[in-house]
Amino acid sequence: MTVFIGGAWPYANGSLHLGHIAALLPGDILARFYRQKGEKVLYVSGSDCNGTPISIRANQENTTIEAIANRYHEEFVACFEKLGFSYDSYTRTDAEHHHKSVQAIFLKLLENGYLYKKTSEQAFCETDYQFLPDRFVEGTCPNCGEKARGDQCDHCSAILDPLDLIDKRCKICGNEPTIKETEHFYFSFSQFQVKLEKWVIKAEKENRWRKNAISLTTRYLHEGVPDRAVTRDLPNGVDVPLAGFEGKKIYVWIEAVAGYLTASKEWANQNNENLEDWWNGDTISYYVHGKDNIPFHTIVWPSILMGIGNSTLPTRIISNEYLTLENRKLSTSQNWAVWAPYMLERYDADSIRYFLTINAPENRDTNFSWREFVYSHNSELLGAYGNFVNRTLKFIQKSYDGKTPSGKINIELQGKVNRLYKEAALLITDGQFKKTIENIFDFVRFANKYFDEQKPWIQINEERSLCDDTMANCIYIISNLAQLLHPFLPFSSKKVKEMLGLNEFTWKEIDISSISLKDIQPLFNRIDIKNIQKEINRLNGRI
């Protein structure tokens with residue numbers, strides 16, 4: 001089986017925050033899980049370096065688009081590496097290979113009759129003397145009355161045209177733009193209306209998408225999918241490869257989402273792989289992103305794939321709701337965010353991964369609070385999991401000279417472990433990561449209870465054979481926990497693997513033979529609860 005996993009492409013115009021990480025983390029969990037199962041996995045993403053937000057940032061800082069894109073792409077790469085994201089390819093949309101592949105897709109859509117030229121009206125700023133990209137126009141959403149960008153309202157999720165906004169303003173200078181005519185290519189999304197409706201009905205029937213994806217996509221389709229301009233008068237991006245359209249760019253609507261295919265193509269070229277082995281009707285594909293990206297993955301990208309005759313339509317849509325911060329909506333403009341570089345400098349990557357999984361906004365908005373984060377780490381990771389591993393290995397080190405005893409593994413325990421592998425596999429496949437890690441940590445609590453009930457500190461003196469069995473069972477539990485938790489907590493799982501001398505992780509029960517423990521170290525360190533108030537003060541600008 002081949003599995004393709006596409007993680008949403010963050011804009012290279014500012015640092016990642018915990019909301020971004022919460023939305024993207026499921027991709028790495030899936031990739032690690034499927035690799036453990038022995039499946040062929042291709043996991044790709046990259047930095048969106050062509051978007052309007054980068055132009056805005058460059059204007060604000062009086063620097064170049066390239067400088068902004070380079071700064072944040074490099075920062076993203078470092079953050080994802082520290083978080084343990086195991087991308088097979090993490091690239092960028094300003095790469096030459098991406099531009100060439102996107103132009104080929106554009107020409108294929110044109111050849112197949114899905115693009116047509118049309119003169120349309122577009123916002124033009126007389127002060128800055130330029131046509132305004134959609135995100136350079138801000139105003140009031142005509143649907144819900146909230147402040148919105150020219151391409152989409154984050155409040156009601158409506159896809160917008162800049163001209164639909166009420167009280168339009170240029171984001172650069174704040175003046176009201178005029179309206180001028182310009183010629184662009186339009187994509188006939190309407191030609192795919194019926195096919196998309198049938199496809200979404202099937203996805204809902206087979207329960208393959210998150211409910212928010214089904215709901216929003218159904219709403220868009222009910223309203224009717226309008227044709228949209230897919231070229232723009234933009235300062236940066238992929239050039240339209242046709243005479244008469246010099247200076248115009250292929251719009252992000254089809255350019256950025258095409259990155260999933262262009263990144264795969266570049267990876268295949270670099271690794272002597274056959275692209276068709278990954279992009280075909282039999283591939284299981286996951287698309288991992290936030291709620292605001294749903295229409296681009298359930299309407300725009302599938303329409304493009306249908307338009308170029310590619311049968312690898314998204315199989316599963318893993319679309320998270322929003323993560324709030326201390327019960328307030330995240331706001332980058334108000335600096336109400338916990339930035340990934342800051343977080344990774346001060347806290348364990350597995351702690352971040354654990355909290356954003358156990359508290360994931362899978363079906364509803366969830367909240368990040370410093371109090372919950374610190375207490376979650378200290379009580380669950382350190383107090384439950386880390387404590388069980390440490391007390392077991394330290395006991396063996398002290399009472400068995402660091403050599404794990406041979407003992408009889410409890411049959412009921414084996415059954416419990418095997419059921420956990422099967423249940424976890426089903427849940428992960430279905431995109432239910434929160435439930436998976438909850439179940440695994442229920443087993444961690446069971447393991448601690450087992451240790452307490454067996455009282456090995458008494459058994460070692462009164463019935464050593466029983467103590468041998470207890471410790472053998474505890475090592476059996478630890479080795480399997482390391483495997484079960486590896487997709488979620490790769491760094492601590494690696495520590496366990498090294499201490500026990502395990503081979504590569506697999507997704508099936510293992511019973512390791514007698515081994516000599518190596519360099520026993522605690523999995524986690526306690527976080528001082530004084531950090532809670534310090535972090536809240538910092539967030540509120542009091543430090």
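Reader: Helices here are DSSP runs of H or I with at least four residues, strands are E runs of at least two, and both are numbered from the N terminus. Which of them each supply at least two residues of the lining of the second largest pocket?

Author: They are β15 (316-320) and α14 (433-454). The largest share comes from β15, with 3 residues. This is a predicted model, where local features need pLDDT of at least 70 and side-chain atom pairs pLDDT 80 or more, while totals for chains, interfaces and linings use all residues. Residues are numbered from 1 along each chain as its sequence is written, and side-chain values use heavy atoms, without hydrogens or water.

Reader: Ok, what volume does the second largest pocket have?

Author: About 340 Å³ for the second largest pocket. A pocket is an open set of points on a 1 Å grid over the protein atoms alone, with protein on both sides within 12 Å along at least five of seven lines; a cavity is a set where a 1.4 Å probe fits but cannot get out, and lining residues have an atom within 4 Å of a point. Points join across faces, edges and corners, and the volume is the space filled by probe spheres set on them.

Reader: Which residues lie nearest the centre of the second largest pocket?

Author: Look for R210, E362, N363, G431 and Q432, out of 19 lining residues. By class, the lining of this pocket has 9 charged, 6 polar and 4 nonpolar residues. Asp, Glu, Lys and Arg count as charged, Ala, Val, Leu, Ile, Met, Phe, Trp, Tyr, Cys and Pro as nonpolar, and the others, Gly among them, as polar.

Reader: Now the cavities! How many of 30 Å³ or more are there?

Author: The structure holds 2 of them. The largest cavity has a volume of about 90 Å³. Its lining has 16 residues, and N50, G51, T52, Y251 and V252 are the closest to its centre. Both α2 (52-61) and α7 (252-255) supply at least two lining residues to the largest cavity. Its lining divides into 7 nonpolar, 5 polar and 4 charged residues.

Reader: And what lines the second largest cavity?

Author: That space of about 30 Å³ is lined by A22, L25, P26, I29, L356, T357, A360 and F433. Helix α1 gives the most to the lining of the second largest cavity, 4 residues. By class, 7 of the lining residues are nonpolar, 1 is polar and none is charged.

Reader: Switching topic: in what order do the strands of the open sheet come?

Author: The 3 strands run β7-β6-β8, with antiparallel pairing. Strands pair if DSSP finds at least two bridges between them.

Reader: Why is one side of β7 and β8 left without a neighbour in the sheet?

Author: β7 (147-149) and β8 (166-170) are at the edges and have a single partner strand each, so one side of each has no neighbour in the sheet. Strand β6 (137-140) is joined to β7 by 3 bridges, and G139 has A148 as its bridge partner in β7.
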